[in-house]
Amino acid sequence: MQVWPRPNEESFISHIQRLLPESNCIFHPDRKRWRRNLLLEETRIFCTYCTKSSVPDVKSCLQCEASLCDDHLTAHNKTVHHIVTEPTDSFGSKKCSLHKKVLEYYCPQDAACLCVSCCLVGEHRGHQVELLDEASEKKKKKLMEYHNELNPKKAEIQTKVQNLQDRKRKIQEKASDEKKNISKRFKDLKKQLEMAENKALSEVSRQEEKIVSKISDLIKKLEIKVNKLSKKMRHVEMCRVTDPIRLLQEGDITLSSHGGDEDTEGNGGEVSTEEDLDEVLISLTLHRSMRDIVTNVTSELGVHAPDILLDLATAHRWVKISEDLKTATRSEKEQNRRKSPGRFVDYSEVLSRCGLSSGRHYWEVEWDQTGMCAIGMSYPSIEKKGLQSDIGLNDKSWCLSMYEGVYELFHNSFISALSVKPTCPTLGVFLDYEAERLSFYELCDPIRHLHTFTASFTEPLHVVFYVDDGASVTIRS
């Protein structure tokens, strides 16, 4: 098989130049420019009547279906009165497909371009028609008006997009800062944990050294006693000598009584060997260190964990309160309680003793997933009887209700069901009094935000519980 040599670029250019007339192509050695010029030559429309050279046209005659340069256009207009348009080589699209005549009119009724024959004898006869140019100008005007209407809408959407982009950027920046802060906190936390670990290990080592030292001293003392006893036993073994003369000659060895022999003291000093590591002291050391760490972390976060106790003076007579004042249960029998102006009368509810009037606070509650339960916050001035005493059905309380796999939000008689279903019996409550936010979280894995109430708080807020149908709710320490 014969292999032809690949032509170089110069020979290729020379070959193309011989094939293409000079008048049709201004050739450039630069291949990209040459291709661009070649494309322009292919798409350009030239005068139909200039046969000796290619002259670009300036107008096209629809009747003659010819392209005209300046000179031929002048001569054409002197002889005939035809319709001329911008340069085109698609004459078929400018004529009626049925009558093969130039399209000159427009029928608004049928939204169709027509020729003269369509208007006189065709299916559009009798219709109100417009000149093509006039109809085109009207449509241009409408399109321009519509364009002007779209401009502000476009600008509005672009503004929204810009705002969203700004918000996205801020969220990303905030997330980046939060990640840095969290990394720093955990780095500090690791140091504190290492210190707590070393402190606990040091306590174990201290106790170990103290006790082991005592045991070592006892071992040494007992080893000395063993040596002494061994020596005496070797002398006593003379009793095995059968020679009476020899045995009597060793008769200066006197045996002390067993009771008075210090070498035979059975348990002297051995009680201390029962001493063991003080596990309680070790646990207290570790607990105190961990408590300090938790205190430091909550202090850095600016969140206070209040010690919430329920107020017996407000508890409904059918609500049982635990001895530690942490649990409220809907009882099956009425509790023996005195009448009190602050006690709930119509609904099985109870308030906490102390109110929160500033700061950021977080606590957790646990529902036994029995019956119906509602947790929330309330002003102490809430009504204690009547419909207005039901938490969430007034403007003085906010609550989250749970029952039969449903979460519902209540405030000022407005009720809203959440789309999520309860999956965890433990809930977290966060109050930022100054920021006017009360939030509820489900402490599943991961933690899920349920809802945040926003309100301008005007009184101290007390924790409030509602329990029914045997429900029980507990404040977790």
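The legends below describe close-up views of a predicted model.

Local features are given where pLDDT is at least 70, side-chain atom pairs count only at pLDDT 80 or more, and totals for chains, interfaces and linings use all residues. Residues are numbered from 1 along each chain as its sequence is written, and side-chain values use heavy atoms, with hydrogens and water left out.

**View A. Trp398 and Phe457 form an edge-to-face aromatic pair.** This is one of four aromatic pairs in the structure, where rings of Phe, Tyr and Trp (its six-membered ring) pair if their centres lie within 6.5 Å, and planes under 30 degrees apart count as stacked, over 60 as edge-to-face and the rest as tilted. The two ring centres are 5.4 Å apart, with 90° between the planes. Because Trp398 lies in strand β12 (residues 397-403) and Phe457 in the loop between β17 (448-454) and β18 (462-468), the pair ties together parts that are 59 residues apart in sequence; strands (E, at least two residues) and helices (H or I, at least four) are DSSP runs, numbered from the N terminus. Both Trp398 and Phe457 are buried, a term for under 20% relative accessible area, with exposed over 50% and partly exposed in between (1.4 Å probe, protein chains only). Tyr379, Trp398, Tyr433 and Phe457 form one aromatic cluster.

**View B. Phe440 and Phe453 form an edge-to-face pair.** Their ring centres are 6.2 Å apart and their planes lie at 85°, and the pair links Phe440 in strand β16 (residues 437-442) with Phe453 in strand β17, 13 residues apart. Phe440 is buried at 1% relative accessibility, and Phe453 is buried at 11%.

**View C. The charged end of Lys384 sits over the ring of Phe344.** The distance to the ring centre is 5.8 Å, and a charge sits over a ring if NZ of Lys or CZ of Arg is within 6 Å of the ring centre and within 35 degrees of the ring normal.

**View D. A cis peptide bond joins Asp445 and Pro446.** Omega is about 5°, and Pro446 is found in the loop between β16 and β17.

**View E. Gln369 and Asp469 are shown for their positive phi values.** Gln369, in the loop between β10 (360-367) and β11 (372-378), has phi near 60° although this residue is not a glycine, and Gln369 is partly exposed at 48% relative accessibility. Asp469, in the loop between β18 and β19 (472-476), has phi of about 55° and is likewise not a glycine; Asp469 is exposed, with a relative accessible area of 57%.
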